[in-house]
Protein chains: 2
Amino acid sequence: MSALSSQPYKGTRDYYPEDKRIQNYIFSVWRKTAESYGYEEYGASILEPLEVYTAKSGQELANEQTYTFVDRGGRTVAIRPEMTPTISRMVAARRQELSYPARLYSIANFMRYERPQRGREREFWQLNVDTFGSDGVGAEAEILTLADSIMKAFGAKSEDYVIKINNRKLINFMMAQYLGLDVAQAQFMIKLFDRKNKITDKDFTDQAAEIFGEQAEVGMQKINALLQAKSMAELPEEIRESETVREVQELFTLLERSDVASAVFDITLMRGLDYYTGMVFEVYDTHPDNNRALFGGGRYDGLVGLFGAEPISAVGMAPGGTMMENFLVVHGLLPKFRSTTDVYVAALGDVAREASKLARDLRAAGINVELDLSGHKLDRQIKTAIKKAIPYVIFIGEQEVASGIYTIKNIAKSEEYKLGFAELLNKIKESR
Amino acid sequence: MSALSSQPYKGTRDYYPEDKRIQNYIFSVWRKTAESYGYEEYGASILEPLEVYTAKSGQELANEQTYTFVDRGGRTVAIRPEMTPTISRMVAARRQELSYPARLYSIANFMRYERPQRGREREFWQLNVDTFGSDGVGAEAEILTLADSIMKAFGAKSEDYVIKINNRKLINFMMAQYLGLDVAQAQFMIKLFDRKNKITDKDFTDQAAEIFGEQAEVGMQKINALLQAKSMAELPEEIRESETVREVQELFTLLERSDVASAVFDITLMRGLDYYTGMVFEVYDTHPDNNRALFGGGRYDGLVGLFGAEPISAVGMAPGGTMMENFLVVHGLLPKFRSTTDVYVAALGDVAREASKLARDLRAAGINVELDLSGHKLDRQIKTAIKKAIPYVIFIGEQEVASGIYTIKNIAKSEEYKLGFAELLNKIKESR
């Protein structure tokens with residue numbers, strides 16, 4: 001038999017301990033921040049019926065990017081490409097039992113069949129934060145404030161990112177009333193706006209004119225008026241008078257009150273998913289080397305109702321792990337991590353029994369101990385500890401066993417101490 | 001469109017916050033114990049090429065229980081049904097860079113297409129703990145001691161479980177030299193022993209006789225001699241003299257030294273997976289209501305070599321989440337959990353701005369705060385906090401805003417206190 005490949009499945013990543021430490025750091029900041037706002041963790045299976053996504057996630061995601069197959073029982077299933085339909089299903093199943101507003105979060109893995117590229121992987125990890133049962137703009141304000149708190153918890157400053165905010169109702173009003181587009185034209189125009197940053201201005205203008213058809217001239221004037229508006233106050237008057245603008249203004253008042261300084265209104269922001277019904281937002285990295293959307297979210301009031309329950313309002317967002325990691329790297333915000341192991345115990349000579357006992361006693365005192373009984377030479381054992389980023393090495397040989405005094409080396413400081421067991425504990429604990 | 005089902009995919013579980021708290025508790029005990037032995041966390045994608053499992057996991061697992069499909073690029077892939085081939089692949093890919101012994105663990109989700117039953121789910125979560133590069137029996141001793149430490153960390157006593165230990169080399173010796181079976185017969189006999197606890201004694205005897213064929217009478221006498229042996233000392237002499245028995249005895253000496261009181265030798269223990277090459281073990285619940293295998297593991301020295309790298313020795317194990325939960329339930333070892341949210345802030349009247357500020361100040365001090373701006377009546381808000389298992393409710397109305405003195409209710413004790421902000425913090429923190 002020829003050898004099997006040792007590479008991970010295409011577009012996915014193996015997380016060795018040094019990679020996993022970074023991921024765990026990101027997860028822990030997410031978890032801590034979400035829990036500080038009273039969100040509680042949930043979990044669900046990676047498989048769902050495909051129809052859960054065809055219903056409302058949008059054609060591209062459901063038909064082109066989803067890992068779909070027929071199971072041994074004949075069911076057409078998908079590996080989840082996103083969490084929103086799953087948590088909506090779970091809320092629908094316990095519609096009567098849950099207390100509202102229900103604040104829920106999860107950290108989970110997803111798959112999408114995409115062309116692998118920087119920041120995009122076929123398997124990816126996301127935090128999902130959702131609040132159910134709040135109709136008021138306070139729910140949007142809370143999710144956006146939480147998004148801002150997450151960025152701040154990673155050490156980001158307000159100028160490191162911008163939170164672009166728009167509203168689907170405003171988009172629909174703009175498409176139908178202001179631009180005079182029918183439903184099919186509006187769909188095309190929304191997709192075109194969604195791609196705006198990825199194509200040239202000329203391509204954008206040409207394709208927009210094509211959508212307008214005979215009304216291209218008037219249409220393009222109106223679009224240019226839109227694009228020139230740098231704030232809500234500069235929007236064309238017909239749009240400024242719509243009911244939704246007042247809602248957006250109220251949201252910005254709440255955000256200001258919560259010191260969210262990175263929020264801006266952006267009439268060109270669309271978001272790709274079909275299920276959004278109100279506010280939509282995206283957080284953008286402002287760093288020139290990573291000038292892209294980091295994550296987004298919005299209000300999706302119609303989704304729970306698809307699962308046979310009375311509809312319930314919902315606002316949520318979903319930051320991704322690799323996107324976050326790239327952000328931290330370009331802004332120099334990624335801390336240096338050490339191993340979860342506190343100390344490497346190197347047994348020298350025939351002291352396996354005593355070294356095991358020392359390791360056991362250290363563990364009982366809450367210290368994480370790797371015990372090396374390999375009999376390798378001392379400098380090889382120290383190299384191993386350095387490679388694993390373990391901060392301390394304790395040597396134990398016959399002399400140490402006889403005296404009860406151990407030699408402990410602080411690797412970063414390149415210092416050695418000779419200490420009894422109790423002092424050993426203090427030395428190790430002080431560095432955590 | 002008819003409503004979508006709100007039920008999870010067949011054989012899988014939705015983890016609402018009260019279920020997720022239990023799972024998180026199990027994960028945290030696993031994590032803490034594995035890290036106390038110097039194991040470091042890794043992660044990998046849920047998809048692998050199917051051939052990774054057909055190679056060595058055994059026919060049943062690879063062909064009947066694996067979720068398999070062809071991806072959009074024509075690759076035949078599987079959702080991982082176990083972690084051992086993945087971590088072997090990862091070690092093979094970094095064969096030169098890793099330090100040995102490499103101690104690695106993960107907590108991850110898996111899928112198997114099985115008939116759903118108690119303790120068995122189609123999606124399940126496992127801890128995988130593996131050590132690579134140790135040939136000596138010390139590696140087996142460490143994994144078994146760690147298994148024992150995990151059980152103890154959950155509060156189990158030694159008599160609550162039994163660790164049955166056998167050795168594949170001994171099994172092979174027994175099949176070929178002692179029972180005189182050829183390779184094909186030995187395979188059938190191993191599977192039969194593996195099923196022994198699930199079938200009647202008569203079925204076992206009949207099927208064993210059938211495997212022996214003409215040698216049935218002598219064969220059955222030898223098998224009975226095996227089954228009567230309650231310890232290694234009582235094994236038939238021909239087996240007792242094999243090289244492997246000395247290895248098993250050395251392992252038991254090490255386990256005794258580490259105070260592992262639950263370990264017993266069991267010549268009938270086989271383990272289903274094909275890749276084991278030495279020690280195999282299973283941890284059994286001794287409780288009459290849950291008398292079953294909880295998890296197992298063993299030595300699998302040949303697996304890394306399948307991925308094109310020089311072979312490297314390996315010992316590992318994999319406890320499962322739901323199995324562990326069932327164990328904790330029948331033994332009354334599952335703690336009562338509260339919400340991760342410390343306090344529920346109930347705003348009464350027109351104080352949204354001040355309530356938001358209070359919530360923000362509490363969060364800044366490290367308190368997890370759910371803020372209710374719904375305007376619901378007081379008793380409804382208290383009910384919500386109780387339902388969510390949040391220990392404290394703070395009321396804030398116009399009077400509290402004016403005085404800076406808040407009313408805080410300890411739900412479990414049904415006591416109320418009137419406190420300023422600093423005392424509020426202490427009150428909440430003392431209960432954690």
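Visitor: How many helices and strands are in chain A?
Guide: Chain A has 16 helices and 16 strands. Both are DSSP runs numbered from the N terminus, with helices (H or I) of at least four residues and strands (E) of at least two.

Visitor: Where do the model and the numbering come from?
Guide: This is a predicted model, in which local features need pLDDT of at least 70 and side-chain atom pairs count only at pLDDT 80 or more, while totals for chains, interfaces and linings use all residues. Residues are numbered from 1 along each chain as its sequence is written, and chains are lettered from A and ligands numbered from 1 in the order in which they are written.

Visitor: What does chain A span?
Guide: Its C-alpha trace spans about 95 × 55 × 50 Å along the principal axes.

Visitor: And what share of chain A is buried?
Guide: Of its 432 residues, 46% count as buried. A residue is buried if 20 or more other C-beta atoms, placed from the backbone, lie within 10 Å of its own, exposed if 12 or fewer, and partly exposed in between.

Visitor: Which residues have the most contacts inside the largest nonpolar core?
Guide: They are Val91, Leu144 and Ala147, in chain A and in chain B, and that core has 193 residues. A nonpolar core is a set of buried Ala, Val, Leu, Ile, Met, Phe, Trp, Tyr and Cys residues joined through C-beta atoms within 7 Å.

Visitor: What is Val91(B) in contact with?
Guide: Leaving aside neighbours within four places in sequence, Val91(B) is in contact with Leu98(B), Ala102(B), Phe132(B), Val304(B) and Ile312(B). Two residues are in contact if their C-beta atoms, placed from the backbone, lie within 7 Å.

Visitor: New topic. How many residues of chain B are in contact with chain A?
Guide: 68 residues of chain B are in contact with 68 residues of chain A. On the chain B side, helix α1 (residues 17-36) gives the largest share, six residues. That side divides into 28 nonpolar, 21 polar and 19 charged residues. Ala, Val, Leu, Ile, Met, Phe, Trp, Tyr, Cys and Pro count as nonpolar, Asp, Glu, Lys and Arg as charged, and the others, Gly among them, as polar.

Visitor: Arg31(B): where is its place?
Guide: Arg31(B) is in helix α1 of chain B. Arg31(B) counts as partly exposed because 17 other C-beta atoms are within 10 Å.

Visitor: At what angle do α6(A) and α11(A) cross?
Guide: Helix α6 (residues 168-178) and helix α11 (residues 243-257) of chain A cross at roughly 150°, and their axes come within 9 Å. Axes are lines fitted to C-alpha atoms, for helices over the stretch in contact, and angles run from 0 to 180 degrees between N-to-C directions. The two helices are therefore roughly antiparallel, a word for angles over 145 degrees.

Visitor: Which residues meet there?
Guide: Lys169(A), Leu170(A) and Phe173(A) in α6(A) meet Thr244(A), Val245(A) and Val248(A) in α11(A). By class they are four nonpolar, one polar and one charged.

Visitor: Last one. Where is Ile411(A), and what does Ile411(A) touch?
Guide: Ile411(A) is in the loop between β15 (406-410) and β16 (415-419) of chain A. Not counting residues up to four places away in sequence, Ile411(A) touches Ala385(A), Ile386(A), Pro391(A), Tyr392(A) and Val393(A).

Visitor: Why is Ile411(A) partly exposed?
Guide: Because 16 other C-beta atoms are within 10 Å of Ile411(A).

How values were computed
Parallel < 35°, antiparallel > 145°, perpendicular 65-115°, else oblique.
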